[in-house]
Amino acid sequence: MSKSIITHTQYFSREFVRNTSKPDKFVAPTIEEETLHWIDFSSNLDAEELTKTLQPYNIHELVIEDICNTRQQPKVELYDDYIFLVSRAFKYKSGKLQGEQISMIIKANMVMTFRSGQIAIFEPMGARFDHQPRDDDEFSAGFLAYTLLDCLVDDYFDVTEHLIDKIDKSDRKLFSPDSKLTLAKAHTLRLEAGKLRRYMRRTNDSVIQLMRNPHPLIDEHTKVYFRDIADHCSQMVDTLDGARDTISSITDTYLNIQSNQLNLQMRLLTVITIIFMPLTVLTGIYGMNFDYMPELKYHYAYFILLGVMATIVIVLLIVFRKKRWL
């Protein structure tokens, strides 16, 4: 049994009616010019259920296949009497970037959306479309599709800002003594920035394609609004380009810090080794088992040797201090 919930919203000029149902209870609405329909599938149906549900609307089987395959790249396909669009929604959950496919079919007086997960991407619709009186130019499937895409793009802004905040925190903590930044974290940030940029760029390309190719469902009034979405996508792509450069700079700085710390540690070990080398030579010489050695029977030879060794250590420490090795 499918867990999908179908939310059907009927928009009139100054009011709306909304109801929810399961796929087996869903009744395909009759399309009328005075009514605008938005049908939202909360999670994807399987191919058989989706084919049965979309049968009254004459949707191509390849479109149904793309909706069921939730690993599609953003794209737009123009058909004679409808438009098929694929994008992706993102959100951060427990510090990890998660995404889900958003598919959209735009028909005359109807928009159908298909969400593969549980990201509440269209929550702002209540404030943007439900309670606003609509002019004739805004009472169309094309403008309703723009409003839905605008919710998606605005959510991109939130996700991008969250990523920028993570990058800024990593940058500020880079020189902190207790910094926990690792190459793995920097690499994760880079992958997230790259993923967001890739999907935003392709979404932008889809919107531009929708604007440039004439279709009866997208009039000149609606194209102006789609141009605004394309502009927002371009801004975010530029922002993410800068974010990737910042991550690369953070990675290079982190490697330089690690290399510098290693050099300091090696220098300290070298100083210690140099200090003990002459002491090892002296103890090695006087540790040999020979009966006839200079100063072997001398009463103060032991104390003189300790003094010489102490003098060597002090002189070396002074030399290293002047060279700023210590």
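Rings of Phe, Tyr and Trp form a pair if their centres lie within 6.5 Å. In this predicted model, ring pairs link Phe-143, Tyr-146, Tyr-225 and Phe-226 into a cluster. The structure holds 10 aromatic pairs. One of them joins Tyr-11 and Phe-16, with ring centres 6.3 Å apart and planes at 40°, so this pair is tilted. Tyr-11 is buried, at 0% relative accessibility. Phe-16 is partly exposed, at 26%. Tyr-79 and Tyr-82 form a stacked pair, 4.6 Å centre to centre with 15° between the planes. Tyr-79 is partly exposed, with a relative accessible area of 23%, while Tyr-82 counts as buried at 2%.

The largest nonpolar core has 57 residues, of which Met-125, Leu-144 and Phe-226 touch the most other members. At least two residues of this core come from each of β3 (36-41), β5 (82-93), β6 (96-107), α3 (125-130), α4 (141-172), α5 (183-212) and α6. The largest share, 14 residues, belongs to α4. Beyond four places in sequence, Phe-226 touches Gly-142, Tyr-146, Leu-149, Val-207, Leu-210, Met-211 and Ile-218.

Strand β6 contains Lys-107. The relative accessibility of Lys-107 is 11%, under the 20% limit, so Lys-107 counts as buried. A polar atom of the Lys-107 side chain lies 3.4 Å from the backbone oxygen of Tyr-57. With neighbours within four places in sequence left aside, the contacts of Lys-107 are Tyr-57, Ile-59, Asp-81, Tyr-82, Met-112, Ala-141 and Leu-217.

Helix α7 comprises 22 residues, 301-322. At 1.5 Å a residue, α7 should span 32 Å. Its end C-alpha atoms are 32 Å apart, which agrees. Ala-301, Leu-305, Met-309, Leu-316 and Phe-320 are buried in α7. These residues cover an arc of only 85° around the axis, and therefore lie on the same side of α7. An α-helix has 3.6 residues a turn, so residues three or four places apart point the same way. The buried residues of α7 pack against α6 (220-286). Phe-303, Arg-321 and Lys-322 are exposed, on the face of α7 turned away from its buried side. Arg-324 follows α7 and has a positive phi, near 60°.

Terms used
Residues numbered from 1 in each chain as written. Predicted model: local features only at pLDDT ≥ 70, side-chain atom pairs only at ≥ 80, totals over all residues. Heavy atoms only, no water. Helix = DSSP H or I, 4+ residues; strand = E, 2+ residues; numbered from the N terminus. Expected span 1.5 Å × (residues − 1). Buried < 20%, exposed > 50% of the residue type's maximum accessible area, 1.4 Å probe, protein only. Arc of directions from axis to C-beta. Contact = heavy atoms within 4.5 Å. Core = buried A, V, L, I, M, F, W, Y, C linked by side-chain atoms within 4.5 Å. Polar contact = N/O pair within 3.5 Å; in protein donor to acceptor, adjacent residues only side chain to side chain. Phe/Tyr/Trp six-rings, centres within 6.5 Å; stacked < 30°, edge-to-face > 60°.
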